[in-house]
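Visitor: Could you take me through this structure step by step? I would like to ask questions as we go.

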Amino acid sequence: MRDTYTFDSEAFLATLAALSSRFEQVVASSALSFDGIDDDANPIQHPEHRCDGLAKIADVAAAGTAAAAGDVVGADGQSRDERGGVRERMRNSEGKVDSRILELAAELFGGTCWASLIGVASLAFDDAVVDTARAFMMQAARCVRRNGLAVWLHGLIADASSAKLLGKPSPMMPMTIRPMSRIQMHRWVSSDAAHHYGTRKQRLEDIDEYRKQAYRLTAYCLLRWGTPIDECNNIASLMLSDPKFGVSLLRQDPNLLLQGVAPDRRMGRVLAYVRHLRVQADIYYARAVQRHWDLPQLDPANHTEATAAMDRRYLYDAHRLVVSYRALWDRDVPKADAVLAEVMQTQEYPRMKLWENPVYLRDVARSLVGTSLSADLVEGFETRDVQRFEAGVARLRTVAKMVDTMTLLLMPIALSDSHEPQWAQMNRGGYRSRTQAWRLYCDVGADLALVVLDRIDRGDDRYRADAAAALMQLDVQAYCEMTIPLFQPQDVGDAKPDEDVRAGGDVRKHGDARNGGTRNDVAPPDAVTARMDGGAEVAEGAMAHAAIETAIGEVAAAHPADERERVDVVA
């Protein structure tokens, strides 16, 4: 792992300047009087709601506002239709957020509450909300220009962490942290009174969400603006899976070092241990391929040569994970955090069988379905909560079924679609249900980004970064546009001879990627012929031998001989 990375702060500032300019133009041309049109029954719609891309966001919000207008009852007791007086007065606040503002806000801040803040404020229904968005953009530009993007992101994380520690909302937390009406937004920005932030339960939930979104924004910026790409992908993955380690690596930025913020060197011991376990897992999987230990059978009609290896590894790990957790259920197993704390303090690697190691099991679970979707599985096992654990198992099996029937590359499309709320129906519900549905959808987007970063390896780090960023934007259409072409047939003659030899290999890249992905999109002709002639065992055996040799070489290069004996590579 490199010691440094960099952000393209100049590109970020150029985009932010374009957004600020467009924001001022739109606000200046908007009518600023919407008295009487917004209350708890008719809220301003959040433009952050995403369907099949940025172009449809305004349509979704407009439809929700129109539906609310149609339910208004006039003084005469008659319901007013959408062409009535209420509909006329709402013409400027139907959620028709300027498409350019949506595009620039999403490019800068992904699918977070800060992008939503800019979109909502651009409707110009409240001067205080406009001033809040304007101040946020000015403060961000000032900090990034002076100290760099990493310092600004670290400041957001520090503020969110302080709010969590104190149990009090931060003034920097945007009101778009949850759906609310115009009246609620006005109260939020016009008073510092704690009760204006909502009930105690709402405040604590908002603080948790604020910190979570600060981590996600940092991960998104690493994917969008960071270089080198492979290093930033690794840090972004940690931001989504185990933020305390991601924050430590974020502090490698030279500007943060100049301010006296340094990474926790003890975290490096833990990360080295996790990488060590992943390399051991690659060796074990290579042996499983060679000896056909519990390998899943893939339907050739559903899996192409471009995805078969990573799909097989995914299904293998999903099956072994559930089997391992069930086998350990009645045993006294330490929690993963306790094991990592011991490694951090003693620098000693505990002797545990790979599939009995809680650190590795949690690592695999998060790589399969993400942090939030794997919480029931992991925490249910740690607390021996049968109900939560079985719910997590059922969720994992559902996702694995998607991978089995449509490949790992297409699974995020189906999973995101299955969790997308019915916006028109949701907008007619209460704010509690809207908040829960919206946050769950954002969680799924972050989980899918983590799966892409950890499980998909086509030898193209830029693809992984762009695909994960699209999912964090909740822009499934963009993900489709960059993924579907991968399934188009390619000319086998274009592949290089030395790359053909490695195609189909199942070793993780640098002991850090968790997939069995190929280095090319198409298998070599000899391998395809061997499978067609019934010689699959010979072909896979040869690839497994090569995988074992490569993995062992990586272990030898990364760890001294005495350290390699500390972790057993047995089931």
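Guide: What follows is a conversation about a predicted model.

Visitor: How confident is the predictor in the protein chain, then?

Guide: The mean pLDDT of the protein chain is 78, and 72% of its residues reach 70 or more.

Visitor: Where does pLDDT stay under 50?

Guide: One such stretch is residues 32-95, for which the model has 128 contacts beyond four places in sequence. Another is residues 492-571, with 154 contacts of that kind.

Visitor: Let us turn to helices. Is α5 mostly covered or mostly open?

Guide: Helix α5, residues 113-121, is mostly covered, as nine of its nine residues are buried. Among them are Cys113, Trp114, Leu117, Ile118 and Val120.

Visitor: And what covers the buried residues of α5?

Guide: The cover includes helices α1 (9-28), α4 (99-109) and α6 (127-147). It also includes α7, α8 (182-190) and α9 (200-225).

Visitor: You mentioned α7. How many residues does α7 have, and how far does it reach?

Guide: Helix α7 covers residues 149-166, which is 18 residues. From its first C-alpha to its last it reaches 26 Å, close to the 26 Å expected at 1.5 Å a residue.

Visitor: Which residues of α7 are buried?

Guide: The buried residues include Leu149, Val151, Trp152, Leu153, Leu156 and Ile157. His154 and Asp159 are buried as well.

Visitor: What comes just after α7?

Guide: Glycine 167 is found there, and it takes a positive phi of about 70°.

Visitor: Which residues have a positive phi without being a glycine?

Guide: Threonine 407 is one of them, with a phi of about 80°. Leucine 474 is another, with a positive phi of about 60°.

Visitor: Where is threonine 407, and is it buried or exposed?

Guide: Threonine 407 is in the loop between α18 (386-406) and α19 (411-419). It counts as buried because its relative accessibility is 1%, and buried means under 20%.

Visitor: And leucine 474, buried or exposed?

Guide: Leucine 474 has 4% relative accessibility, so it counts as buried. It is found in the loop between α22 and α23 (476-483).

Visitor: A change of topic: which peptide bond is cis?

Guide: The bond from threonine 227 to proline 228 is cis, with omega near -5°. Proline 228 lies in the loop between β2 (226-227) and α10.

Visitor: At what angle does α10 pack with α11?

Guide: Helix α10 (residues 229-241) and helix α11 (residues 243-250) pack at an angle of about 145°, and their axes are 6 Å apart. The crossing of α10 past α11 is left-handed.

Visitor: Which residues meet there?

Guide: From α10, the residues are Ile235, Leu238, Met239 and Ser241. On the α11 side they meet Pro243, Phe245, Gly246, Val247, Leu249 and Leu250. By class, this contact has eight nonpolar, two polar and no charged residues.

How values were computed:
Residues numbered from 1 in each chain as written. Predicted model: local features only at pLDDT ≥ 70, side-chain atom pairs only at ≥ 80, totals over all residues. Heavy atoms only, no water. Axes fitted to C-alpha atoms, helices over the stretch in contact; angles between N-to-C directions. Helix = DSSP H or I, 4+ residues; strand = E, 2+ residues; numbered from the N terminus. Left-handed = near helix turned anticlockwise from the far one by under 90°. Contact = heavy atoms within 4.5 Å. Nonpolar A, V, L, I, M, F, W, Y, C, P; charged D, E, K, R; others polar. Expected span 1.5 Å × (residues − 1). Buried < 20%, exposed > 50% of the residue type's maximum accessible area, 1.4 Å probe, protein only. pLDDT = per-residue confidence, 0-100.
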